[in-house]
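This report goes through selected residues and the pocket of one protein structure. The sequence and coordinates come first.

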Amino acid sequence: MAIREIRELGDEVLTKKCKEVTKMTLRTKILINDMLDTMYEAMGVGLAAPQVGILKRIVTIDVGEGPIILINPEIVETSGEQTGEEGCLSVPGKAGLVTRPNYVKVKALNEDMEEIELEGEGLLARAFCHELDHLDGKMYVELVEGGLHDMEPYEEEV
């Protein structure tokens, strides 16, 4: 496993549409494990393959309930609305208000290339939308209401 460099706003790889994953290879398995390691190391809740420079339709998410791996994900249903703070590992130190659906259902393949459907509300719904946007070359900064602001520095409790 390895920690990969997270690409930042301004890197053109973040503006490109990703390609479908057609089969699971050793390289793809290594990529998924590296993405999880990188996401956890950076204390993120989600990471999309283009954020580590790979134009494949793969995202990793963990909102505190264990890792979720989505290959070729697509949103099949949404409802409700939530507005809240959103940040991104590719825009370090910044956050902004973004409105997203409060409920999201996604269809994807898991790491065994089996079709799965997952549902999420609140933070998980937000993470699904945010990470899937990356796969189409879109970033949350395009959706921010009222501009970006500096995030409060994270302080660990003693």
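The model is predicted, so local features need pLDDT of at least 70 and side-chain atom pairs count only at pLDDT 80 or more, while totals for chains, interfaces and linings use all residues. Residues are numbered from 1 along each chain as its sequence is written, and side-chain values use heavy atoms, with hydrogens and water left out.

**Pocket**

Rolling a probe the size of a water molecule over the atoms shows where empty space is left. Here the search runs on a 1 Å grid over the protein atoms alone; a pocket is an open set of points where a 1.4 Å probe fits, with protein on both sides within 12 Å along at least five of seven lines, and lining residues have an atom within 4 Å of a point. Grid points are joined across faces, edges and corners, and a volume is the space filled by probe spheres set on the points.

The largest pocket holds about 680 Å³ of space. Its lining has 27 residues, and those closest to its centre are Met43, Gly87, Cys88, Leu89 and Met151. Two or more lining residues come from each of β4, β5 and α2 (123-135), where helices (H or I, at least four residues) and strands (E, at least two) are DSSP runs numbered from the N terminus. The largest share comes from α2, which gives six residues to the lining. By type, the lining of the largest pocket divides into 14 nonpolar, seven polar and six charged residues. In this division Ala, Val, Leu, Ile, Met, Phe, Trp, Tyr, Cys and Pro count as nonpolar, Asp, Glu, Lys and Arg as charged, and the others, Gly among them, as polar.

**Cysteines**

A disulfide is a covalent bond between the sulfur atoms of two cysteines. With the cut-off set at a pair of cysteine sulfur atoms within 2.5 Å, a search of the whole structure finds zero disulfides. For Cys18, the nearest cysteine sulfur is that of Cys88, 13 Å away. Cys18 is buried, with a relative accessible area of 7%, and Cys88 is buried at 8%. Buried means under 20% relative accessible area, exposed over 50%, and partly exposed in between (1.4 Å probe, protein chains only).

**Side-chain polar contacts**

A polar contact is a pair of N or O atoms within 3.5 Å; within protein, one must be able to donate a hydrogen and the other to accept it, and residues adjacent in sequence count only if both atoms are side-chain atoms.

| Side chain | Partner side chain | Distance |
|---|---|---|
| Ser90 | Gln51 | 3.0 Å |
| Asp150 | Lys94 | 2.5 Å |
| His130 | Glu86 | 2.7 Å |

Ser90 is found in the loop between β4 (82-87) and β5 (94-100). Ser90 is buried, with a relative accessible area of 1%. A polar atom of its side chain lies 2.6 Å from the backbone oxygen of Arg7. Not counting residues up to four places away in sequence, Ser90 touches Ile6, Arg7, Glu8, Leu9, Leu14, Gln51 and Met139, where contact means heavy atoms within 4.5 Å.

His130 belongs to helix α2 and is buried, with a relative accessible area of 7%. Leaving aside neighbours within four places in sequence, His130 is in contact with Glu86, Gly87, Cys88, Arg100 and Tyr140.

Asp150 lies in strand β8 (residues 145-150) and is exposed at 52% relative accessible area. Asp150 and Glu121 are 29 residues apart in sequence, and their C-alpha atoms are 26 Å apart.

Leu97, in strand β5, counts as partly exposed at 36% relative accessibility. The C-alpha atoms of Leu97 and Thr83 are separated by 6.5 Å, although the two residues are 14 residues apart along the chain. With residues up to four places away in sequence not counted, Leu97 touches Thr83, Gly84, Glu85, Leu143, Val144 and Glu145.

Most residues other than glycine have a negative phi. Met43 has a positive phi, near 60 degrees; Met43 sits in the loop between α1 (26-41) and β1 (46-48) and is exposed, with a relative accessible area of 57%. Phi of Met113 is also positive, near 65 degrees. Met113 lies in the loop between β6 (103-109) and β7 (115-121) and is partly exposed at 23%.
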